[in-house]
Amino acid sequence: MKVAIVGVSGAVGQELLRVLDVRNFPVDELFLFGSSRSAGTIYTFRGKKIIVKELKHNDDFKGIDIAFTSAGGGTSLEFAETITKYGTIMIDNSSAFRMNDDVPLVVPEVNAKDALNRPKNIIANPNCTTIQMVVALKAIEDISHIKRVHVSTYQAASGAGASAMAELEEQHKQLVNKENPTISKFAYQLAYNLIPQVDVFTENGYTKEEMKMFNETRKIMHSDIEVSATCVRVPVLRAHSEAIWIETEKPVSVEEAREAFAKADGVVLLDNPEKKIYPMPLDAAGQDPVYVGRIRKDLTNPNGLTFWTAADQICKGAALNAVQIAEYLLKQ
């Protein structure tokens, strides 16, 4: 099994290295690719030092079975043909191909079989906020069809990459020292603040991130489900949280929901308000599951439920989901 990581120096690329190792993914030979700036950097994987090669339009991917790409949408679009032309399966973490009709968009706990139909030999990894939400939604969808979702996200700095995480840490240090904070990755200071914008605004007033949650959820769940999202950047280093309201075709009790979440693949139930047990991003950071808690009936809708989730954006929201797709393909 020959495996490649494209964009290894980024936060998701580094997490891919870790996840492949800890999950004992069968890698006989690992190839690392990056930009001209990253080329020559050395990383260690399972005791072996590997030099990063510059990504070029050549035959470097000949013989490689699976390539995990996490270098941005522009790079994925430019190099997709180069990566796949000899049969390499490209599992792409960018938004480049997510809504293409001939590219499956896969969350293994929800629609793993879609990965088997890949005309272009490309499988798209969904947006991190969508992944987290649909893993939880699947548990309820199996009880009663979900008609509508209202969701507010609380997205960590990690969603904007390693440099954004570093900027948040630096801002806190600067503000403690009464210095002007460095503002580069976000439109405004993130430390001690919330920014109600993730990605750029579209014509309908929603951001691209919010529209991803609408469109990607429908594609993954093969459903007419409607999603209205408000995505907010918060001063959390790593792991996203979401407040989710759903409307089902028939009423689902809190007890039914708890039982469904407790049994669901990829979900850990943390729901004991009396003991102040509920998901928090601090605890979800570095962990694999989607944590679910604060489960309640919606006071405004007899067919409504509301709950809270937290999950690691870099792990399940990106690298882990990609590796789980590859694991599913190997089993098949």
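Analyst: Strands β13 (290–297) and β14 (304–311) pair in the antiparallel sense over five bridges. Two strands count as paired if DSSP finds at least two bridges between them. Strands here are DSSP runs of E with at least two residues, helices are DSSP runs of H or I with at least four residues, and both are numbered from the N terminus. The model is predicted, and local features need pLDDT of at least 70, side-chain atom pairs count only at pLDDT 80 or more, and totals for chains, interfaces and linings use all residues. Residues are numbered from 1 along each chain as its sequence is written, and side-chain values use heavy atoms, with hydrogens and water left out.

Within this pair, Arg 296 has Thr 306 of β14 as its bridge partner. The link between β13 and β14 is a hairpin of six residues.

One of the bridges pairs Ser 241 with Ala 310 in β14. Strand β13, in turn, pairs with β12 in the parallel sense over three bridges. There, Val 267 stands opposite Val 290 in β13.

These pairs belong to an open sheet of six strands, in the order β10-β9-β11-β14-β13-β12, and the pairing is mixed. The edge strands are β10 (226–233) and β12 (267–269); each has a single partner strand, so one side of each is left without a neighbour in the sheet. From one strand to the next, the twist averages 25°.

Helix α7 (residues 254–263) lies across β12, β13 and β14, and runs at about 175° to β13. Such an angle is taken between N-to-C directions, from 0 to 180 degrees, and the axes are lines fitted to C-alpha atoms, for helices over the stretch in contact. Contact means heavy atoms within 4.5 Å.

For comparison, here is a pair of helices. Helix α4 (residues 128–141) and helix α6 (residues 208–221) pack at about 45°, with their axes 10 Å apart. That makes α4 oblique to α6, since angles under 35 degrees count as roughly parallel, over 145 as roughly antiparallel, 65 to 115 as roughly perpendicular and the rest as oblique. Residues in the contact include Met 133 and Leu 137 of α4, and Met 213 and Ile 220 of α6. By class, the contact of α4 with α6 has seven nonpolar, three polar and five charged residues. Here Ala, Val, Leu, Ile, Met, Phe, Trp, Tyr, Cys and Pro count as nonpolar, Asp, Glu, Lys and Arg as charged, and the others, Gly among them, as polar.

Lys 178 is in the loop between α5 (162–176) and α6, and its phi is near 60°, a positive value in a residue other than glycine. Tyr 192 lies in the loop between α5 and α6, and its phi is near 60° too. Most residues other than glycine have a negative phi. Lys 178 is exposed, with a relative accessible area of 78%, and Tyr 192 counts as exposed at 58%. Exposed means over 50% relative accessible area, buried under 20%, and partly exposed in between, with a 1.4 Å probe and protein chains only.
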